[in-house]
Amino acid sequence: MTKGLVKEIGIGIALAFVGFLIWQGYDILPLMFLFGFFAAIYFVAESKGLVKPVGVQEVTNKNINEVYFDDIGGQASAIKELKEALDFIKNYEKIKELGIRPLKGILLLGPPGTGKTLMAKAAATYTDAVYIATSGSEFIEMYAGVGAQRVRKLFKTAREKAARLGKHNAMIFIDEIDVLGGRRGQNSSHMEYDQTLNQLLVEMDGLKNHDSVKVLLIAATNRADMLDPALLRPGRFDRHVKVDLPCKDGRAEILKIHTRNKPLESDVELKEIARETFGFSGAHLESLANEAAIYAFREGMYKITRKHFKDAIDKVIMGEKLDKRPNTDELKRVSVHETGHALMSEILKPGSVSTLTISPRGNALGYMRQTPEDDTYLYTIDYLESQICIMLAGALTEELIFGNRSTGASNDFEKAVDLAKRIIVSGMSTLGVVSEDTVPKDKMHDVITEIIREQEARVKNSLLSYRRKIIEITDILLEQEQLSGNDFRILVMENNEPLEKVSVS
Ligand code: ATP
């Protein structure tokens, strides 16, 4: 619940209480005087900037935990683009001479946790601006006009703060701008939403080059498609900066930033960790470094080791280890299941297993994690089919060893079906190039089944010769609970043909 909502509910309750007193015949005049007195004090204090408006988080350069662009990793091109835009503000005398109109807004677009807030803070440091942060949801209230009033107040506060601190620039950061800046006329209480957005547009249009305090609005969203076109047109947010998930080198950079204050054992290779964390955002990586340090602390160690990082990756992906303990038969089945996934992964891509474990975490009783060799953005049919095989291998290994399957594979099947759908909608199935919307459901179902059946046959065929090996590895996994990819590969190779030579077709 936002502070604003709490305030409004409080006002509602107070009014109801006053109504109740009147109804009971009490004289409420003294109460009204008292209330009027406190309200007057509050409004005077607010107008003098002694209390901050609801939802606005002010950070002045006195109390800012200053963020610099150097504190942001893996966003080199976004930072470059942002800095270029900010240079307009730094060199405003020059741009004025050239008749360039001031930059009013910068929109940061990207998934959660990629560093958009950090960028806005670093932008404030870079331009020596007062920084005021708020969120789109803070403007949306039950009463008409409240949002618009808050927008006015936000810009006013920014100017006043900057003037008081002798600054020429003020930076307003609005996170989740899509909540406040969604397309007009679409909300049920659209009058309130529309008034708020209109006010924001008015304030942006009012930003002038000759203002003594130059206000720049930086907004962030991961739903640019939801924004009202008026916000996106030139002259408002006329710089759109993409802040994407970091690539492998970017992840290594972010890890370096977040391990600056942490003692690392010599076996820790940040590049290796970066390789294993495809799809992680900066926020994930910060949490990963922190969790690794917590593991070291729990073990009473003074340095963070490679193992702590590996455990932390599992924790960030899968969740905390659970206390629930499956019974012996279940554990054996989980062990067989995970060995099946890992074996298939090694058969199809030698060296691809990073860890397999039978310790329950999150919703899983066990899991196998692969190490992506490189960040992948395009998937071939071979890759997608291999992934389907790996997903199916858990249940099929259970079938091979126990003669039946269990419910533990339902999540794997969901993923396998998603992969099969991806093959179809990418035009790589027997249906040729199709649109998901126009393919009849039963046709879609038939082709998914055909793809899955084909891969099932492939997996069954390749697992057959490993029956004895699976039982051996299962016993070791049961005993040790967890195997690293390297230990697993050593066990598979022992007295066996190298996996690369095994045919899977
Ligand atoms: P949201 O969209 O959810 O508001 P965001 O994109 O604004 O997220 P931040 O709030 O800037 O993300 O990041 C959260 C935390 O994650 C930061 O305080 C920082 O510790 C870490 N972080 C995120 N991205 C980066 C990055 N590129 N470099 C270093 N740290 C990062």
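At what angle do the axes of α14 and helix α17 cross? I started my notebook with this one. The model is predicted, and I kept that in mind throughout.

**Entry 1: two helices**

I looked up α14 and helix α17, the latter covering residues 441-463. Their axes cross at roughly 95° and come within 11 Å. Angles of 65 to 115 degrees count as roughly perpendicular, so α14 and α17 are roughly perpendicular to each other. Next I listed the residues that meet. From α14 I noted L343, M344, I347 and L348. From α17 I noted R458, V459, S462 and L463. I then sorted this contact by class: six residues are nonpolar, one is polar and one is charged.

**Entry 2: salt bridges**

I searched the whole structure for salt bridges and found 22. Side chains of opposite charge can pair when their charged atoms come close. I picked out a few pairs.

E481 pairs with R325, and their closest N and O atoms are 3.3 Å apart. E481 counts as partly exposed because its relative accessibility is 27%.

R405 and E399 form another salt bridge, at 2.8 Å from N to O. R405 is at 33% relative accessibility, so it counts as partly exposed. E399 is at 27% and also counts as partly exposed.

**Entry 3**

I turned to K469 and E472, whose side chains meet in a salt bridge of 3.6 Å, N to O. Both lie in helix α18. They are three residues apart, about one turn of the helix. Is K469 buried or exposed? Buried means under 20% relative accessible area, and K469 has 4%, so it is buried. E472 has 32% and is partly exposed.

I also noted a network: salt bridges with shared partners join E272, E276, R306, K310, D314 and R369.

**Entry 4: confidence**

I looked up the mean pLDDT of the protein chain, which is 86. Of its residues, 88% reach 70 or more. Residues 59-64 have a pLDDT below 50, and I found 11 contacts for this stretch beyond near neighbours in sequence. Residues 500-505 also fall below 50, with 11 such contacts in the model. Where pLDDT is low, the predicted coordinates should not be read in detail.

Note on methods. Residues are numbered from 1 along each chain as its sequence is written. This is a predicted model: local features need pLDDT of at least 70, side-chain atom pairs count only at pLDDT 80 or more; totals for chains, interfaces and linings use all residues. Side-chain values use heavy atoms; hydrogens and water are left out. A salt bridge is a side-chain nitrogen of Lys or Arg within 4 Å of a carboxyl oxygen of Asp or Glu. Buried means under 20% relative accessible area, exposed over 50%, partly exposed in between (1.4 Å probe, protein chains only). Helices (H or I, at least four residues) and strands (E, at least two) are DSSP runs, numbered from the N terminus. pLDDT is the predictor's confidence in each residue, from 0 to 100. Contact means heavy atoms within 4.5 Å. Axes are lines fitted to C-alpha atoms, for helices over the stretch in contact, and angles run from 0 to 180 degrees between N-to-C directions. Angles under 35 degrees count as roughly parallel, over 145 as roughly antiparallel, 65 to 115 as roughly perpendicular and the rest as oblique. Ala, Val, Leu, Ile, Met, Phe, Trp, Tyr, Cys and Pro count as nonpolar, Asp, Glu, Lys and Arg as charged, and the others, Gly among them, as polar.
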